[in-house]
Amino acid sequence: MAIELKLGSFDAAYKGQMELYLRWLDRYERRPGEEPPIGLILCGEKNREQIELLQLDRGEIRVAEYLVELPPREMLEAKLHEAIRLAKGQVEAREEKPPGWDRHNSGSSG
C-alpha cells in the first residue's frame, strides 16, 4: 500500500504520480500470492467531480480528505449525514443493476 500526504487541494497530476508508485511496488515489492498494491492520496480538499472523472472513486487508487483543524459540531454532523446518504445511494444503485451489468455494459453511455 502506498499512502501519499499532500498539502492543500487535490491535483489531477497526483493520480499519475501514484500510478507510478503502484507500478514500482507491483514490480519490485509484491510477493507471489499477494494482491496488487493500492494507493491512498490524502489531501486537504478534494473535488468530487474530478475524482469521479478520473475514476478515483473506485479501483486501486482512492482519494480522501484530512482535517487540519476540528470543524464545528454541526458541520461534522452534516458531513456524516451526507456520507451516509451517498453510501446508501451507491448500495441502492448496485442492488438495482442486474448481475453481470458492469461486464456487458461498461462501454455504453447509459
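This report describes the sheet, the helices and some side-chain contacts of a predicted model.

## Basis of the description

The model is predicted, so that local features need a pLDDT of at least 70 and side-chain atom pairs count only at pLDDT 80 or more, while totals for chains, interfaces and linings use all residues. Residues are numbered from 1 along each chain as its sequence is written, and side-chain values use heavy atoms, with hydrogens and water left out.

## The sheet

Three strands, in the order β1-β2-β3, form an open sheet with parallel pairing; strands here are DSSP runs of E with at least two residues, helices are runs of H or I with at least four, and both are numbered from the N terminus. Two strands count as paired if DSSP finds at least two bridges between them. β1 (2-5) and β3 (61-65) stand at the edges with a single partner strand each, so one side of each has no neighbour in the sheet. Neighbouring strands are turned by 20° against each other on average, direction ignored, where axes are lines fitted to C-alpha atoms, for helices over the stretch in contact, and angles run from 0 to 180 degrees between N-to-C directions.

β1 pairs with β2 (residues 39-43) in the parallel sense over four bridges; A2 has G39 of β2 as its bridge partner, and L5 stands opposite L42. Five bridges join β2 to β3, and on that side L42 stands opposite A64. β2 has a covered face with G39, I41 and C43, and an uncovered face with L40 and L42.

## Helices and crossovers

Helix α1 lies across β1, β2 and β3 and runs at about 145° to β2, contact being defined by heavy atoms within 4.5 Å. β1, α1 and β2 make a right-handed β-α-β unit, and β2, helix α2 (residues 48-53) and β3 make a right-handed unit as well. A crossover is right-handed if, with the strands pointing away from the viewer, the path from the first strand over the helix to the second runs clockwise.

In the loop between α2 and β3 lies Q55, which has a positive phi of about 60° although it is not a glycine. Q55 counts as partly exposed, at 47% relative accessibility (buried means under 20% relative accessible area, exposed over 50% and partly exposed in between, with a 1.4 Å probe and protein chains only).

## Aromatic rings

The structure holds two aromatic pairs, a pair being rings of Phe, Tyr or Trp (its six-membered ring) with centres within 6.5 Å, called stacked if the planes are under 30 degrees apart, edge-to-face if over 60 and tilted otherwise. The ring centres of F10 and Y14 are 5.8 Å apart and their planes stand at 85°, so this pair is edge-to-face. Both F10 and Y14 are buried. K6 lies over the face of Y14, at 4.4 Å from the ring centre (a charge sits over a ring if NZ of Lys or CZ of Arg is within 6 Å of the ring centre and within 35 degrees of the ring normal).

The rings of W24 and Y28 have centres 5.3 Å apart and planes at 45°, so they form a tilted pair. W24 and Y28 are four residues apart in helix α1 (residues 13-28), and about one helical turn separates them. W24 is partly exposed, with a relative accessible area of 45%.
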